[in-house]
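Biologist: I would like to learn how to read a model such as this one, feature by feature. Please give the general idea each time, then the case at hand.

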Amino acid sequence: MVERVIATEAALELIELLKSKHGPLMFHQSGGCCDGSSPMCYPDGDLIIGDQDILLGEIGDVPFYMHKSQFDYWKHTQLIIDVVEGRGGMFSLEGVEGKRFLTRSRAFTEEEYRLL
């Protein structure tokens, strides 16, 4: 099965830590503005998901959303959520841990894209 969003082991470990501290979580790929374009992690329900948000999949049993307008640009890529040292977006839960989530990507092969 081809997945639109996956996570590295480091990201999955941080997700588990955040779940233990904050309970159920959700992700939304930020489209820019204050925190740039980065994966934002929130307590589940803290960000209202609208009609234009698309559920790309789950990482660590946590739903991952992206706005349709941004998805139109990224639909040919698999998102790979990773973690790096340093403080990221001030609205995302991982900031106080001294780490930040980071989106990497790779283009789907023609066969993978057909399967989607």
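Modeller: Start with the elements: helices of at least four residues and strands of at least two are DSSP runs, numbered from the N terminus. In this predicted model, glutamate 112 lies in helix H3, which covers residues 110-115.

Biologist: Is glutamate 112 buried or exposed?

Modeller: The cut-off for buried is under 20% relative accessible area. Glutamate 112 has 18% relative accessibility, so it counts as buried.

Biologist: Which side chain does the side chain of glutamate 112 meet in a polar contact?

Modeller: That partner is the side chain of arginine 106, at 2.7 Å. If neighbours within four places in sequence are left aside, glutamate 112 is in contact with Val2, Arg106 and Ala107.

Biologist: How many helices and strands does the protein chain have, taken as a whole?

Modeller: There are 3 helices and 7 strands. Read from the N terminus, their order is β-α-β-β-β-β-α-β-β-α. The radius of gyration is 14 Å, close to the 13 Å that the globule rule gives for 116 residues, so the protein chain is as compact as a globular protein of that length. Its C-alpha trace spans about 40 × 30 × 25 Å along the principal axes.

Biologist: What share of the residues count as buried, and what share of the contacts join residues at least 24 apart?

Modeller: Of the 116 residues, 39% count as buried. For the contacts, take those between residues at least 6 apart in sequence: 58% of them join residues at least 24 apart.

Biologist: What does the surface of the protein chain look like in numbers, and how far apart are the mean positions of its positive and negative charges?

Modeller: The accessible surface comes to about 6600 Å², and carbon and sulfur atoms hold 52% of that. The protein chain has 11 positive and 19 negative charges, and their mean positions are 5 Å apart.

Biologist: What is to be noted about phi of aspartate 61?

Modeller: Phi of aspartate 61 is near 60°, a positive value in a residue other than glycine. This residue sits in the loop between S4 and strand S5 (62-67). Aspartate 61 has a relative accessible area of 66%, so it is exposed.

Biologist: Which residues does valine 83 touch, beyond those up to four places away in sequence?

Modeller: They are Thr8, Ala10, Ala11, Leu14, Lys99, Arg100 and Phe101. Valine 83 lies in strand S6, residues 77-85, and is buried because its relative accessible area is 14%. Arginine 4, which is 79 residues from valine 83 in sequence, is 18 Å from it in space, C-alpha to C-alpha.

Note on methods: Residues are numbered from 1 along each chain as its sequence is written. This is a predicted model: local features need pLDDT of at least 70, side-chain atom pairs count only at pLDDT 80 or more; totals for chains, interfaces and linings use all residues. Side-chain values use heavy atoms; hydrogens and water are left out. Buried means under 20% relative accessible area, exposed over 50%, partly exposed in between (1.4 Å probe, protein chains only). A polar contact is a pair of N or O atoms within 3.5 Å; within protein, one must be able to donate a hydrogen and the other to accept it, and residues adjacent in sequence count only if both atoms are side-chain atoms. Contact means heavy atoms within 4.5 Å. The radius of gyration is taken over C-alpha atoms; the globule rule is 2.2 Å times the number of residues to the power 0.38. Accessible areas come from the Shrake-Rupley method with a 1.4 Å probe; for residues, only the protein chains shown count as cover. Lys and Arg count as positive and Asp and Glu as negative; His and the chain ends are not counted. The place of a charge is taken as NZ of Lys, CZ of Arg, CG of Asp or CD of Glu.
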